Amino acid sequence: MSRTFLAIALCALVSAAAAADEIYVPGNNPTLGGGNNWPWNATTSSEWRYQLLFTATQLGHKAGIIKDIAFAPTTTGTHTSQKFEMTFSHTSATALSSTWAANLPWPVVVYPEGPLTWNPVRDTWSPLGLRQSFVYDGQSNLVVDLRYLGGAMSGGFTGVCHSDSGWSVTILRSWRYGAGAYSGATALTASTTGGLITRFTMDVVLLIGSGSTRPGGKVTLALQAPADGGLPYQLGTSFGLGPTPIGARTLQLSLDDLLVVSVGGKLPAVFQNYSGRLDTKGEGQGAILIPNDRRLLGLRLHTAFLTLDGASPQGVRSISEPFTFSVTP
C-alpha cells in the first residue's frame with residue numbers, strides 16, 4: 001500500500017459526542033451566587049433594558065440550537081410585563097458597548113414584542129419560554145438582550161436573581177432603567193460584572209459513530225443538526241485540528257491532503273455519503289469503510305461536518321464539534 005493511499009485510508013470510529021441538553025453559565029447550581037436586582041426589579045422601575053455577554057468558552061464551544069433561557073431567582077412569585085422583547089446575537093466583541101445596537105451585529109429576536117408572564121421559583125432554574133430558537137455557532141461570543149415596559153411583581157417575587165458573585169467566572173452586563181429605557185439607544189452603565197447566572201436549553205449539533213473500528217470494519221456516522229432540516233451537509237476528515245477559518249468562525253480540522261480527498265469525493269468507497277442533504281428532522285448518515293490493512297492500527301484522525309446555507313455567513317449555517325478517531329485491533 002502506497003504512502004498516499006495510507007494517508008487517504010486513515011479511518012476509525014467516531015466517538016459518541018456528549019449531548020448537552022442544558023448549558024450552564026457558570027455552573028449548574030441555582031442556589032449559588034449573590035443576589036442582584038437588575039433587571040427584574042420592577043419596583044425600581046417598570047421600564048428596563050439589559051444585556052448580558054457570554055463568551056464561547058463559557059458556553060463550552062457547543063454549537064447548537066438554543067431553545068430556551070432560564071435564570072435562578074432568590075424568591076418565588078410572578079413577574080409580568082405589558083411589553084417584553086428578547087434578542088440574541090453572535091458577536092466577536094469581548095466587552096459590551098454602551099450603544100445597544102453595537103452589541104447586536106446579527107440580531108435574532110427570540111421573543112417577539114408582546115406581554116410576558118414569568119413565574120420564577122426560588123433557587124430553581126426558571127425558564128422564560130422563548131418563542132423562537134437561535135442557532136448558535138459554537139465559536140462566537142453571545143449577547144442576550146432583553147427589555148420590558150410596564151413591568152410589575154407579585155406573589156412574593158422581589159426581582160432578585162443569583163449573579164456571578166461567589167463564582168470564579170465573570171458575566172458582563174449593561175443596563176438602563178427608567179423613562180425611555182425601553183426604546184432608548186444607550187446604556188446607563190455598560191460592561192460591568194455582576195451578570196445573572198444562566199441556563200440555556202440547547203439541541204447540540206452532533207456527530208455520532210457506531211460500528212467496527214477494526215481494519216476492514218465499517219463505521220456508520222450519524223449527523224444531527226435539528227435546526228437545519230433539509231439543508232445540504234458536508235463531512236470532512238483530516239489529520240489535525242486546524243483550525244481552518246470560515247469567516248469569523250473556525251472549523252476544527254486541518255486543511256491537509258486527507259481533508260481535500262474526503263471532501264472532494266476522491267474515494268467514495270472509503271468515505272461514503274460524505275455529502276448529501278439532511279432530512280426534515282435535521283438528520284443524515286455517512287460511513288467510513290476502513291481498509292483491511294493492519295498497518296492502520298493505532299492511527300488517529302479527526303472528523304466534523306457542516307451544513308450549507310446560502311443565506312448564512314460564508315454559506316455555512318452550522319459547524320459540528322471535531323472528534324478524534326482511532327483504529328483498533
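1. In this predicted model, 21 residues line the largest pocket, and those nearest its centre are His 90, Trp 106, Val 135, Asp 137 and Pro 313. The space in this pocket comes to about 540 Å³.

2. Have a look at where the lining comes from. At least two residues each are supplied by strand 5 (78-91), strand 6 (106-118), strand 8 (134-136) and strand 24 (316-319). Sorted by class, the lining of the largest pocket holds nine nonpolar, nine polar and three charged residues.

3. Strand 14 (residues 198-204) deserves a look too. Five of its seven residues are buried, so strand 14 is largely enclosed by the rest of the structure.

4. Which strands pair with strand 14? Strand 1 (residues 22-25) runs antiparallel to it, joined by four bridges, and Tyr 24 has Arg 199 as its bridge partner there. Strand 4 (residues 64-71) is also antiparallel to strand 14, with seven bridges; here Gly 64 stands opposite Val 204.

5. Phe 200 is among the residues with the most contacts inside the largest nonpolar core, together with Trp 40, Met 86 and Phe 88; this core has 38 residues. Strands that each supply at least two of its residues include strand 1, strand 3 (47-54), strand 4, strand 9 (141-149) and strand 14. Leaving out residues up to four places away in sequence, Phe 200 touches, among others, Ile 23, Val 25, Phe 54, Ile 66, Phe 88 and Val 144.

6. Another core, of 22 residues, lies apart from that one and includes Tyr 274, Ile 288, Phe 305 and Phe 323.

Key
Residues are numbered from 1 along each chain as its sequence is written. This is a predicted model: local features need pLDDT of at least 70, side-chain atom pairs count only at pLDDT 80 or more; totals for chains, interfaces and linings use all residues. Side-chain values use heavy atoms; hydrogens and water are left out. On a 1 Å grid over the protein atoms alone, a cavity is a set of points where a 1.4 Å probe fits but cannot get out, and a pocket is an open set with protein on both sides within 12 Å along at least five of seven lines; lining residues have an atom within 4 Å of a point. Grid points are joined across faces, edges and corners, and a volume is the space filled by probe spheres set on the points. Ala, Val, Leu, Ile, Met, Phe, Trp, Tyr, Cys and Pro count as nonpolar, Asp, Glu, Lys and Arg as charged, and the others, Gly among them, as polar. Buried means under 20% relative accessible area, exposed over 50%, partly exposed in between (1.4 Å probe, protein chains only). Two strands pair if DSSP finds at least two bridges between them. A nonpolar core is a set of buried Ala, Val, Leu, Ile, Met, Phe, Trp, Tyr and Cys residues joined through side-chain atoms within 4.5 Å. Contact means heavy atoms within 4.5 Å.
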